[in-house]
Amino acid sequence: MLLALTVERFISVCYPAQARNLCGGKRAYITVAVIPLSTFVLYSPYVLLASVATCVDERGMSIFTKKESTWLTESGWFKAYKWILELVFKLLPVLILVFLNIRIIRTYKALCEKRRRMTNKVSGEQRRQYAEESRLMFLLGGTSTLFFVCMTPMIVLSVTIHDAWTRHYAFEIFRATANVLEVTNFAVTFYIYCLFSKDFRETFLSTLKSAKETSVGASLFGSVSGVKDAVKHPTYP
């Protein structure tokens, strides 16, 4: 999803004449629907990774355990499939993000410099616009840097993991660190957008406001408010 947002921003900044046709609302809905669907389809072989096996213990009771599908995990095509997944979903997006954000920053800075040269006096509105431009630069640089730093250890882990390494303490530390960094990337990106993008904050707040006005949203927010009131002012029999 972050890559889709970056592509949309790249088209809007670098090719503004084609942005209306390539970044319309209908295409956005299609993109949002296709991304999770294609991800589910591509990761569907993992459903066959293991199965539930029934065993009987010494007391004669049935117990259920997970049985690995060795016919799948030890096959050559499945190992190649995992390599392709890591390249397509982790390494390739990192490289594309870095390239597109560099292009966006260079193009946007050139446009800002050209606009400043054409403007003799700087008004208060222009100062606010310059500040927004600086925040946009931090947004682009921050998201791409965060994605690169947090996803690179997981990429290295995924393509180099070996069963013999799992018995080493240093490898376990590296694996835990890579997992934490990957989760951190997905968790922090939203806050970076909220911090540096005014449009993103306004859109997010308007979405919450419109959801609160609907029947489902009103019931959800109402139940949350009811829980808060019950916690603040408990009633005792």
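The legends below describe several close-up views of one predicted model.

Residues are numbered from 1 along each chain as its sequence is written. Because the model is predicted, local features need pLDDT of at least 70 and side-chain atom pairs count only at pLDDT 80 or more, while totals for chains, interfaces and linings use all residues, and side-chain values use heavy atoms, with hydrogens and water left out.

**View 1. The whole chain and its elements.** The chain holds nine helices and two strands, where helices (H or I, at least four residues) and strands (E, at least two) are DSSP runs numbered from the N terminus. Read from the N terminus, the order of the elements is α-α-α-β-β-α-α-α-α-α-α. Of the 237 residues in the chain, 23% are buried; here buried means under 20% relative accessible area, exposed means over 50%, and partly exposed lies in between, with a 1.4 Å probe and protein chains only. The accessible surface of the chain comes to about 17100 Å², and 67% of this surface belongs to carbon and sulfur atoms, the areas being computed by the Shrake-Rupley method with a 1.4 Å probe, and for residues only the protein chains shown count as cover. If one takes the contacts (heavy atoms within 4.5 Å) between residues at least 6 apart in sequence, 61% of them join residues at least 24 apart.

View 2. Strand β1 (residues 50-56) and strand β2 (residues 62-68) run antiparallel and are joined by seven bridges, two strands being counted as a pair if DSSP finds at least two bridges between them. Along this pairing, Ala50 has Glu68 of β2 as its bridge partner, and Ala53 stands opposite Thr65, also in β2. The two strands form a hairpin with five residues between them, and in the turn Gly60 has a positive phi of about 85°.

**View 3. The largest nonpolar core.** A nonpolar core is a set of buried Ala, Val, Leu, Ile, Met, Phe, Trp, Tyr and Cys residues joined through side-chain atoms within 4.5 Å. The largest such core in this model has 23 residues, and those with the most contacts inside it are Phe10, Tyr108, Leu136 and Phe147. Two or more residues are given to this core by each of α1 (2-14), α5 (76-118), α6 (124-160) and α7, with the largest share, nine residues, coming from α6. As a general background to this view, nonpolar side chains in soluble globular proteins tend to be buried together.

**View 4. Two buried asparagines.** Asn101 lies in helix α5 and counts as buried because its relative accessibility is 2%. Apart from residues up to four places away in sequence, Asn101 touches Thr6, Arg9, Leu140, Thr143 and Ser144. Asn185, in turn, has its place in helix α7 (residues 169-196), and it is buried because its relative accessibility is 1%. When its neighbours within four places in sequence are left aside, Asn185 is in contact with Leu146, Phe147, Cys150 and Met151.

View 5. A search of the whole structure finds one salt bridge, the term being used for a side-chain nitrogen of Lys or Arg within 4 Å of a carboxyl oxygen of Asp or Glu. In this salt bridge the side chains of Arg175 and Glu172 meet at 2.9 Å, N to O. These two residues, Arg175 and Glu172, are three residues apart in helix α7, so they are separated by about one helical turn. Arg175 is partly exposed, with a relative accessible area of 25%, and Glu172 likewise counts as partly exposed, at 28% relative accessibility.

**View 6. A nonpolar patch on the surface.** Ile84, Leu87, Val88, Leu91 and Leu95 form a nonpolar patch on the surface, and together they have about 410 Å² of accessible area. Patches are made of residues with over 30% relative accessible area and no salt bridge, with like charges joined within 9 Å and nonpolar side chains (Val, Leu, Ile, Met, Phe, Trp, Tyr) joined within 5 Å.

**View 7. Helix α3 and Ala4.** Val32 lies in helix α3 (residues 25-42) and is partly exposed, at 45% relative accessibility. The C-alpha atoms of Val32 and Ala4 are separated by 8.8 Å, although these residues are 28 residues apart along the chain. Ile35 is also found in helix α3 and is partly exposed, with a relative accessible area of 24%. Ile35 and Ala4 are 31 residues apart along the chain, and their C-alpha atoms are separated by 9.0 Å. Leaving aside its neighbours within four places in sequence, Ile35 is in contact with Met1 and Ala4.
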